[in-house]
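Here is a short report on one protein model. Look at the sequence and the fold first, then read on.

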Amino acid sequence: MKIRRMVAITADPTLSPKVAKHYSQQTEGVKEEIRGLIRVYKDGHVERPQIVPCVTSTTLAPELGITSYDIVIDKLTSIWARFYVLNCSGHKLPLLVYFHGGGFCVGSAAWSCYHDFLARLAAKAGCIIMSVNYRLAPENPLPAAYDDGIKALMWVKQQATYPTRESWSRKCDFSNIFLAGDSAGANIAYNVATRLNSSVALRGIILIQPFFGGEARTHSEKYMVQPPHSALSLETSDTYWRLSLPSGSNRDHPWCNPTAKKLAVPVMVCVSELDILKDRNLEFCNGLAMSGSKVECLMSKGVGHAFQVLSNSQISQTRANEMIAYIKAFINR
């Protein structure tokens with residue numbers, strides 16, 4: 001295992017997620033809550049305040065040279081994807097199928113933080129990005145998100161077999177497909193990869209701060225001090241797992257605490273030094289290497305969980321640019 005360390009079209013409005021601007025005043029009957037993000041009531045009602053703005057696909061800086069638009073993948077389950085396509089390219093481009101984070105319970109491909117990051121990634125890495133908006137827990141507990149990921153890949157395969165006039169499919173190298181995601185999205189990318197058959201030819205997998213857990217705590221989970229308003233605390237992590245795993249499961253369920261399986265394609269795992277998941281991510285990297293997978297681990301110094309989408313500090317921006325450079329090198333080998 002190789003470890004690298006970083007040092008000091010018009011959007012369809014019907015695709016936008018339905019969220020409340022604020023919580024209701026009702027607090028009686030609350031079963032689970034992550035303050036400011038999600039509140040689940042005993043009767044099954046779920047509230048998600050719009051803590052991060054949702055933006056239309058056309059909200060992009062012109063200098064990026066990117067066109068973005070939304071496409072429905074499956075009307076029955078309301079799965080859709082946001083595409084990021086370079087305006088100018090003299091050759092076919094790799095396709096990066098991306099899953100956003102949010103503990104399986106919150107988040108959207110329309111969140112401004114993901115929209116900005118993925119547009120920048122597509123521009124700098126020279127790839128097409130398909131950002132999948134999958135179903136969320138607890139209304140749709142796991143494996144719903146994994147099923148949506150598989151469905152998205154099968155849809156891509158269909159586009160390769162029966163090309164359309166969409167600009168992304170005309171510019172796409174369908175023999176050069178990568179799976180990627182951050183946090184819960186990285187968990188989805190991994191589980192989708194382990195379920196795929198050989199009908200979809202993947203070239204690699206990029207897992208950014210993959211969201212895993214377990215009943216036994218790692219050192220970083222127990223002792224990593226998180227600043228106020230951290231993207232992921234231990235309490236928040238536990239709540240996400242209670243809401244997303246099948247009823248009656250604990251954190252040793254294989255979707256939460258997997259035994260790393262050998263993967264047929266190279267894997268890049270991005271780890272953050274100040275993330276409570278740091279040790280678990282490193283253990284996962286070691287497990288992949290022991291299984292015979294070709295794995296590359298990238299350590300981002302001085303930053304925490306989801307820094308690349310949720311932090312505007314100078315060090316976070318520097319580390320995000322470094323991460324993008326490594327992703328570019330990984331997909332263009």
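## An exposed lysine

K42 is exposed, because its relative accessible area is 67%. Here exposed means over 50% relative accessible area, buried means under 20%, and partly exposed lies in between, with a 1.4 Å probe and protein chains only. K42 sits in the loop between β3 (38-41) and β4 (46-47). Helices (H or I, at least four residues) and strands (E, at least two) are DSSP runs, numbered from the N terminus.

Setting aside neighbours within four places in sequence, K42 contacts G29, V30 and K31. A contact means heavy atoms within 4.5 Å. N87 is 45 residues from K42 in sequence, and 48 Å from K42 in space, C-alpha to C-alpha.

## How to read the model

This is a predicted model, in which local features need pLDDT of at least 70, side-chain atom pairs count only at pLDDT 80 or more, and totals for chains, interfaces and linings use all residues. Residues are numbered from 1 along each chain as its sequence is written, and side-chain values use heavy atoms, with hydrogens and water left out.

## Strand β4

V46 belongs to strand β4. V46 has a relative accessible area of 16%, so V46 is buried. Not counting residues up to four places away in sequence, V46 touches I38, R39, V40, P138 and E139. Y69 is 23 residues from V46 along the chain, and their C-alpha atoms are separated by 28 Å.

## Salt bridges

How many salt bridges does a search of the whole structure find? The search finds 14. A salt bridge is a side-chain nitrogen of Lys or Arg within 4 Å of a carboxyl oxygen of Asp or Glu. One of them joins E139 and R48, with the closest N and O atoms 2.7 Å apart. E139 lies in the loop between β8 (128-133) and α2 (144-161), and R48 in the loop between β4 and β5 (66-74), so the pair ties together parts that are 91 residues apart in sequence. E139 is partly exposed at 41% relative accessibility. R48 is buried at 15%.

D148 and R135 also form a salt bridge, at 2.8 Å from N to O. D148 is in helix α2 and R135 is in the loop between β8 and α2, so this pair ties together parts that are 13 residues apart in sequence. D148 is buried, with a relative accessible area of 0%. R135 is partly exposed at 23%.

## Around helix α5

E221 and R280 meet through their side chains in another salt bridge (2.8 Å, N to O). This pair links distant parts of the chain: E221 is in helix α5 and R280 is in helix α7 (residues 278-291), 59 residues apart. Both residues are buried. Elsewhere, salt bridges that share partners join E215, R217, D238 and R251 into one network.

S220 also has its place in helix α5 (residues 219-223). S220 counts as buried, at 2% relative accessibility. Leaving aside neighbours within four places in sequence, S220 is in contact with D275, I276, L277, K278 and D279.

## The nonpolar core

A nonpolar core is a set of buried Ala, Val, Leu, Ile, Met, Phe, Trp, Tyr and Cys residues joined through side-chain atoms within 4.5 Å. The largest one has 106 residues, and F83, M130, W168 and L179 have the most contacts inside it. Helix α1 (residues 112-125) gives the largest share of this core, 8 residues.

Beyond four places in sequence, the contacts of M130 include I73, A81, F83, L95 and W155.

In α6, 8 of the 11 residues are buried, so the helix is largely enclosed by the rest of the structure. Among the buried ones are T236, D238 and W241. The buried residues of α6 pack against β2, β3 and α4 (184-195).

The largest pocket holds about 1000 Å³ of space. Its lining has 38 residues, and H229, S230, A231, L232 and L310 lie nearest its centre. A pocket is an open set of points on a 1 Å grid over the protein atoms alone, where a 1.4 Å probe fits, with protein on both sides within 12 Å along at least five of seven lines; lining residues have an atom within 4 Å of a point. The largest share of the lining, 5 residues, comes from α6.

Notes:
Grid points are joined across faces, edges and corners, and a volume is the space filled by probe spheres set on the points.
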